[in-house]
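Here are some notes to read alongside the model, written for someone opening it for the first time. Keep the 3D view handy as you go through the points.

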Amino acid sequence: MKKNLLSIIILALLLVNTVMTGFMMLTVLTTNNQAVKLIGDIAAALQIEANGGENGQGFSGSATGNVDIANVSNYTIADMTITLKDSGDGKTHYMLATVVLSMDTSNPDYETYGNAEKFPTYEDMIKSKITEVIGSYTLDEIRQYEDEAKATLLEKIQEIFGSSFIYDVSFSSKVYQ
């Protein structure tokens, strides 16, 4: 008789444990789903701001890859010779580069700053920023961190105009010495 009573108590505890586990899973999953939804909403809101909405220009102004090819205009600054930072090897190193600035013609600031008549007047200021940014790297650093240098250069050029109509900086050719 004691064995049967003990079996019944164990069975009852097993059922209570199963019900409690199911209840806990239900409440945890509901809370988890609500948290996931909230995090998703926050991420969506930040993504909208980070990409700047429709034209893709947000916090950094970079819209690389989001500009329709029909709205791209390039401006080339040919054959800039830039003295690189001393690397301590006793030699002076240079970078000869052709810098290409990609501009978004659909950006309202393009008409103000970027059209073919006005943009060449800003070329000396842009060259100064290129020399400042690229010249702050040693030969090894510029080879290793070229993408970082281009991103910094893009930010500096965008600061000149207070706009992100220039959305990409690239080197169409470069030679190091």
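How many aromatic pairs does a search of the whole structure find? The search turns up 8, and we come back to a couple of them below. Two housekeeping remarks first. This is a predicted model, so local features need pLDDT of at least 70 and side-chain atom pairs count only at pLDDT 80 or more, while totals for chains, interfaces and linings use all residues. Residues are numbered from 1 along each chain as its sequence is written, and side-chain values use heavy atoms, with hydrogens and water left out.

1. **The overall layout.** The chain has 5 helices and 3 strands. Helices (H or I, at least four residues) and strands (E, at least two) are DSSP runs, numbered from the N terminus. Read from the N terminus, the order is α-β-β-α-α-α-α-β.

2. **Surface and burial.** The chain has 177 residues, and 30% of them count as buried. Here buried means under 20% relative accessible area, exposed means over 50%, and partly exposed is in between (1.4 Å probe, protein chains only). The accessible surface comes to about 11500 Å², with 58% of it belonging to carbon and sulfur atoms. Those areas come from the Shrake-Rupley method with a 1.4 Å probe; for residues, only the protein chains shown count as cover.

3. E1 (72–83) and E2 (94–104) run antiparallel and are joined by 10 bridges. E2 also pairs with E3, again in the antiparallel sense, over 9 bridges. (Two strands pair if DSSP finds at least two bridges between them.) For landmarks, look for Thr 81, whose bridge partner in E2 is Leu 96, and for Met 103, whose bridge partner in E3 is Ile 166. E2 is mostly covered, with 9 of its 11 residues buried.

4. **The nonpolar core.** The largest nonpolar core holds 30 residues, and the ones that touch the most other members are Leu 101, Phe 119, Ile 126, Ile 130, Ile 134 and Ile 166. Such a core is a set of buried Ala, Val, Leu, Ile, Met, Phe, Trp, Tyr and Cys residues joined through side-chain atoms within 4.5 Å. Two or more residues each come from strands E1, E2 and E3 and from helices H3 (123–134), H4 (139–144) and H5. In soluble globular proteins, nonpolar side chains tend to be buried together.

5. Setting aside neighbours within four places in sequence, Ile 130 is in contact (heavy atoms within 4.5 Å) with Ile 77, Met 80, Ile 82, Val 99, Gly 135 and Leu 153. Across the chain, 65% of the contacts between residues at least 6 apart in sequence join residues at least 24 apart.

6. **The aromatic pairs.** Back to those 8 pairs. Rings of Phe, Tyr and Trp (its six-membered ring) pair if their centres lie within 6.5 Å; planes under 30 degrees apart count as stacked, over 60 as edge-to-face and the rest as tilted. Tyr 113 and Tyr 122 are edge-to-face because their planes sit at 70°, with ring centres 6.0 Å apart. Tyr 113 is partly exposed, at 24% relative accessible area. Phe 119 and Phe 165 are also edge-to-face, 6.4 Å centre to centre and with 90° between the planes. Phe 119 is in the loop between H2 (108–114) and H3 and Phe 165 in the loop between H5 and E3, so this pair ties together parts 46 residues apart in sequence. Phe 119 is buried at 1%, and Phe 165 is buried at 0%. One aromatic cluster takes in Tyr 75, Tyr 113, Phe 119, Tyr 122, Phe 161 and Phe 165.

7. **The salt bridges.** There are 5 of them, each a side-chain nitrogen of Lys or Arg within 4 Å of a carboxyl oxygen of Asp or Glu. Lys 150 meets Glu 146 at 3.6 Å; the two are 4 residues apart in helix H5 (146–161), about one helical turn. Glu 146 also meets Lys 174 at 3.3 Å, and this pair links helix H5 to strand E3 (166–176) across 28 residues. Glu 146 is buried at 13%, whereas Lys 174 is partly exposed at 34%.

8. Lys 150 has another partner in Asp 147, with the closest N and O atoms 3.9 Å apart. Both lie in helix H5, 3 residues apart. Lys 150 is buried at 18%, but Asp 147 is exposed at 59%. Through shared partners, Glu 146, Asp 147, Lys 150 and Lys 174 join into one network.
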